Every structure is written in C-alpha cells, then in structure tokens.
Amino acid sequence: MWEEINKKQNEDDMIQLLFYSRCLYNNSTRIAILKIIVVIINIILSLIQKDTVYLSAAFFIIFTILEISEHFCIKNAAKARNLFDNNLFEFGSKDYEIEIKEKAYSLCKRHKKSYDIQKVNLGTDNPPGLRNWYSEKEGNNKNEIVFKCQIENTKWDKKITKIDLIIFIAVLIAVAILVIFKYYNKELSELISVILAGVELVYEIIKRFVVYFKYNINISNRECLINQFSKNKIKKDDLIFLQHLIEKRRKMDLVPLNFIHKKITNYMHDLINRVNK
C-alpha cells in the first residue's frame, strides 16, 4: 500500500507542485523581510528629515504592494501544496487544478537546474530535495497510512512554528530594549514620533501575533482530532475533515523562516521515522 503512495508522490507532476509551492513560500519570506527593511528606512528618514509626508506616502504604497504580493505567494503556494495532498490521498479534484499545474510546470522550466536537483534529492540531502516528501509509513490500509502522513504534517508545523515564534519574540525584545535605551531620557513626544513613523511595523507585529494565535489554535484542534481518530477505525471522512484544517493553516499569512526547516530537517525525519512506522 505504501509503495503505491510513494510512487505517486515522486511523479514529475507531483514534484512540480512541491517545487512551485516551495519557491512561492520562499518568495513570501523574502518579501516579508523586504517589508521590514522598507519600514525601517521610513522610520530613519522620518527622524532625520522634517518634511517627509510625500516620502512616507511613497513608502506606504511600496509596503502595501509588498503586502499584496506576499499574500499572493502564500495563497498560490497553499493551493499547490493542497493539490499535492488531494491528488496523493485521492480526496477529489480542486477547481484550480489546471491553473496551478500550468504555473508549476512553467516555473520548473524556468528554473530547470534547481528543479532537477530537488526532484532527486531527499529532504535530508544538501541541498534539501523534494523526493519522498512523506516518510515511509506502515498501515493495515490506505486510510491509516494517509492518517500518519497528516500526523507528520502536524508535527512539522508544530515544531517549526514554535522555533519561529521564539526567534520572533527574541528579536522583538531586543528591538524594544534598544529603543528604550535610546529614548529613555528623551521627551515622550520623541518616542511617540518614532512609534508613529513605524506604524506599518506596529501593524506587522500585531498581525503576526494574531496569526500565531490562530496558528496555535489550528495545531491544537488538529492534535485533538488526531487523538480522537486514533482510538477508532480511520474513516475517509475523518481524513478529509482533518485535511480541511491543514489547508486552513497553509493559507495563513505566516511562513516560518526557511533556515529553521533546514536546521531541524534531519532531527524531524529521524523522529517521524521512529514514531510513525
């Protein structure tokens, strides 16, 4: 049973979906970093120049364009990843299947060298590849194997997001300390002007905390369902319901830093191979 799933997940059109989603998720991370750089430049210019109304407006427009671009990347990356799972687990087709497959094929042609490497490399190779996306599973039937793939998905999400949140909070605390250290003996109006100049940054911080909160609720709900379904015979309707939560998570505007995935990939593969077989 596993051989059938493993063969399917390594077919060219399936690997193309994974490559497409990985590229878009990576692009969304780059855009998120670029947004922060734009905000920081805007803050610095606001502090050293008096009349920055038009400049601030220009930076706001750039920030908005980047925000829209980031959301576009995440939305399409999620579609490709969802399509991969749906086709692999035979959950039915998606209405955007043809569109996403064409985009994935086109991207793989444009980045053929990188794609050719990733389609033969495993996740534990250097550079990390896309072959054998889901680790080998054992089960009495297909539903049990699919269920273990969904558990693997949940474990990855939980671990990576936890590390990403710790890094985010650490950076936030460091920035707060620097700001307080610089402005603790200044007029309150100066501190307020810095905050107003960085309104986009404040927005980004609040938005990220809100998404972290929703993300953790999603993980908790999935873990509850996994515990519940584990006690009984796994039914396809249960798998589809759990998959709905996985797809909901993928659409959230939160993409953990790529280097976290690279750092823990060997550890996670070893853990999942021990637990899920």
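Ile-41 counts as partly exposed, because its relative accessibility is 36% and the partly exposed class sits between buried (under 20% relative accessible area) and exposed (over 50%), taken with a 1.4 Å probe and protein chains only. The model is a predicted one, where local features need pLDDT of at least 70 and side-chain atom pairs count only at pLDDT 80 or more, while totals for chains, interfaces and linings use all residues. Residues are numbered from 1 along each chain as its sequence is written, and side-chain values use heavy atoms, with hydrogens and water left out.

Ile-41 belongs to helix H2, which covers residues 12-48; helices here are DSSP runs of H or I with at least four residues, strands are E runs of at least two, and both are numbered from the N terminus. Together with Ile-33, Leu-34 and Ile-37, Ile-41 makes a nonpolar surface patch of about 320 Å². Such a patch takes residues with over 30% relative accessible area and no salt bridge, nonpolar side chains (Val, Leu, Ile, Met, Phe, Trp, Tyr) being joined within 5 Å and like charges within 9 Å. A salt bridge puts a side-chain nitrogen of Lys or Arg within 4 Å of a carboxyl oxygen of Asp or Glu.

As for the whole chain, there are 10 helices and zero strands. Of its 277 residues, 43% count as buried. The accessible surface comes to about 15,600 Å², with 62% of that belonging to carbon and sulfur atoms; areas are from the Shrake-Rupley method with a 1.4 Å probe, and for residues only the protein chains shown count as cover.

Now to the inside. Phe-84 touches Gln-9, Met-14, Leu-17, Leu-18, Trp-133 and Tyr-134, leaving aside residues up to four places away in sequence; a contact means heavy atoms within 4.5 Å.

Arg-208 is in helix H8 (residues 199-230) and counts as buried because its relative accessibility is 17%.
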